[in-house]
Amino acid sequence: MPIVVAVNKVDKEGANPDKIRQQLTEYNLVAEEYGGDTMFVEVSAKQRMGIDDLLEAVLLTADASLDLRANPDKDARGVAIEANLDKGRGAVATVLVQSGTLRVGDAIVAGTAHGRVRAMFDEHGTAVTEAGPARPVLVLGLASVPSAGDTFLVAPDERTARQIAEKREAAERAALLAKRRKRISLEDFTQALQQGKVETLNLVLKGDVSGAVEALEDALLKIDVGEEVQLRVIHRGVGAITQNDVNLATVDNAVIIGFNVKFGERVEELADREGVEVKFYSVIYQAIDDVEAALKGMLKPEYEEAQLGTAEIREIFRSSKFGNIAGSIVRSGEIRRNAKARVLRDGNVVGDNLTVESLKRFKDDATEVREGYECGIGLGSFNDLQVGDTIETWEMREKPRS
């Protein structure tokens, strides 16, 4: 694919377009000035500088690198660039004719949508009766909203168009079901049992235009917080949130995300009644952040060891009732009763996974003793204590997910 590079913001103080040219050589985009074949055009969108040069560069590159010829004397074929659901006009699709000629009255299929072209408008909103190759037009008359990037073609009649659309829809539905169904092999079964259940967050995405929904889905599926949880988009569509969306979310225990759309008629009451969570966004990054936070919340907590304090043994007291009691002075932090403990001798662990079962200040019981104070520490049945040993206490704290 031939590329033209527009270097923007050249009007800003300190702008260095040559640095951009050098950096892009890493991606095999070598400027013509450096002996390459990529056209670089310096522009400023704010000051409207270099716009004519950019258009000229695009046309020159297209003429030199692409064979942009098409036969206008046949049924039209092309691609749906964008589509949305208009309140007054129904399903509206912006299509680009790539070959043939599209006329008002033609029966067309665009992805899984079909219909008859009732009206067409050019980029200025003027009604047109036909569109030849390389002509973008707004098409009215489709029964449903196609996806951005779907190919369209003209069918002999409306019945044939409907049959083609139904076959495509059935194939897409089968692919979606296969994607939703989680398969596991016998080889992975034992491993899955050992790892525990994998948590899944199911989503239903609805947006105002097809391209926005696809962009949101791509961004959400790139979120990676580990193998313990996974994200699955069970349905996506264009237009207001409908009863079918709520019913689907109820069955699959999914969350509905609405991007620049609202509830359809009487749908909000159904969602409240079924307990389906519906979240609305107008900024894509807010949706991504919330979903990522939800996925992190589904992760099993990770714990790390946190040291509470250390105490040096000064004297050993023998007790027939409590075993050996370590007369100690707290060197750092604090010693708490019932905290986990280990005994260190010359830097080596001689007793681990112990518990501070008794803690006294003189003859009185204490719940904690701070740095610089003396205390008596009882470690239950562990009696291998010597003067000079260090008692280290610790606890397990939940580790925040990054």
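Author: Happy to! Arg48 counts as exposed, because its relative accessibility is 65% (buried means under 20% relative accessible area, exposed over 50%, partly exposed in between, with a 1.4 Å probe and protein chains only). Before we go on, this is a predicted model, in which local features need pLDDT of at least 70 and side-chain atom pairs count only at pLDDT 80 or more, while totals for chains, interfaces and linings use all residues. Residues are numbered from 1 along each chain as its sequence is written, and side-chain values use heavy atoms, with hydrogens and water left out.

Arg48 belongs to the loop between β2 (39–42) and α2 (51–65); helices (H or I, at least four residues) and strands (E, at least two) are DSSP runs, numbered from the N terminus. Although Arg48 is not a glycine, its phi is positive, at about 55°. Most residues other than glycine have a negative phi. Arg266 also has a positive phi, near 60°, and with 58% relative accessibility it counts as exposed.

Arg266 takes us to the loop between β14 and α7, and that loop also holds Phe263. The ring centres of Phe263 and Phe280 are 5.1 Å apart and the planes stand at 80°, so the pair is edge-to-face (rings of Phe, Tyr and Trp, the latter by its six-membered ring, pair if their centres lie within 6.5 Å; planes under 30 degrees apart count as stacked, over 60 as edge-to-face and the rest as tilted). Because Phe280 sits in strand β15, the pair ties together parts 17 residues apart in sequence. Phe263 is partly exposed at 23% relative accessible area, and Phe280 is partly exposed at 29%. Phe280 also has Lys262 over its face, 4.8 Å from the ring centre (NZ of Lys or CZ of Arg within 6 Å of the centre and within 35 degrees of the ring normal).

Four strands form an open, parallel sheet in the order β13-β12-β14-β15, where two strands pair if DSSP finds at least two bridges between them. β13 (229–238) and β15 (278–281) are the edges, each with a single partner strand, so one side of each lacks a neighbour in the sheet. Nine bridges join β12 (residues 199–207) to the parallel β13, and Gly207 stands opposite Val238 in β13.
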